[in-house]
Structure formats: structure tokens, C-alpha cells
Amino acid sequence: MKASLLSVFISFLLFVTSVAKGNIPTFNGTERDGAVQFVIEDTVYVGLGYNETGALNDFWKYSKSSGEWERIADFGGTARTNATAFTINGKAYVGLGRED
């Protein structure tokens with residue numbers, strides 16, 4: 001389990017470093033605060049959060065293999081901010097946070 005958490009953490013750090021260096025295209029979604037994010041294999045997922053219009057429930061993914069951001073299915077629950085996410089065996093679990 002520790003090795004798995006470490007690999008997810010390292011993948012996320014590499015992603016953040018790539019973004020900082022400009023190696024990843026600009027995020028196509030709405031700018032937001034309080035978003036949730038997680039990594040499964042070579043794909044980064046970002047969603048939820050809020051902006052000036054209120055809470056958001058959309059989700060996006062960035063795949064290293066395609067090199068592009070793609071909008072995917074909206075969050076199945078209510079729009080929320082400051083949610084928590086974790087992954088186990090290639091599945092993501094998103095919850096908590098605040099409904100606005």
C-alpha cells in the first residue's frame with residue numbers, strides 16, 4: 001500500500017512539474033478554486049470546485065498518451081467544493097466537501 005501511495009504521489013509531482021514547465025496544454029475547463037484531483041496510471045483527473053457562478057460538477061482528464069484535456073462525464077452527485085479523492089486499484093473515490 002505504501003508503495004502504491006508513493007507512486008501516485010510521484011506521478012502527481014511529475015505532472016505538476018510538467019505543467020510548470022509548460023509541457024502540458026492549457027486546461028480547457030472553467031477556471032475554478034476548491035477543485036479535486038487524482039491520478040490513475042498516466043491520467044490526471046480534475047473536477048468539481050467553484051467559480052463566480054457557484055459550485056461546479058464537471059470533470060476533465062488529461063492523458064499523457066493523448067497529450068490533450070478531455071471533458072468526461074459530470075460528477076454523479078451534487079456539485080461541491082473542497083471535495084476529497086483517493087484511488088484504490090485503479091478506481092477513484094470522490095466525496096465529502098461542501099455543497100453550495
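## Basis and confidence

The model is predicted: local features need pLDDT of at least 70, side-chain atom pairs count only at pLDDT 80 or more, and totals for chains, interfaces and linings use all residues. Residues are numbered from 1 along each chain as its sequence is written, and side-chain values use heavy atoms, with hydrogens and water left out.

pLDDT is the predictor's confidence in each residue, from 0 to 100. The chain averages 84. A score of at least 70 is reached by 77% of the residues. Among the elements of the chain, helix α1 (residues 2-20) has the lowest mean pLDDT, 57. Strand β3 (residues 50-51) has the highest, 95. Helices (H or I, at least four residues) and strands (E, at least two) are DSSP runs, numbered from the N terminus.

## The sheet

Four strands form an open sheet. Their order is β1-β2-β5-β6, and the pairing is antiparallel. Two strands pair if DSSP finds at least two bridges between them. β1 and β6 (68-72) stand at the edges with a single partner strand each, so one side of each has no neighbour in the sheet. Neighbouring strands are turned by 25 degrees against each other on average, direction ignored. Axes here are lines fitted to C-alpha atoms, for helices over the stretch in contact, and angles run from 0 to 180 degrees between N-to-C directions.

Strand β2 spans residues 43-47, and five of its five residues are buried. Buried means under 20% relative accessible area, exposed over 50%, partly exposed in between, with a 1.4 Å probe and protein chains only. Both faces of β2 are covered. T43, Y45 and G47 lie on one side, V44 and V46 on the other.

Strand β1 (residues 36-40) pairs with β2 over five bridges, in the antiparallel sense. F38 has Y45 of β2 as its bridge partner. I40 stands opposite T43. The hairpin of β1 and β2 has two residues between the strands, and E41 takes a positive phi near 55 degrees there. Strand β5 (residues 59-63) is joined to β2 by five bridges, again antiparallel. W60 in β5 stands opposite V46.

## Residue S63

S63 is found in strand β5. S63 is buried, with a relative accessible area of 10%. Leaving aside neighbours within four places in sequence, S63 is in contact (heavy atoms within 4.5 Å) with D42, T43 and E68.
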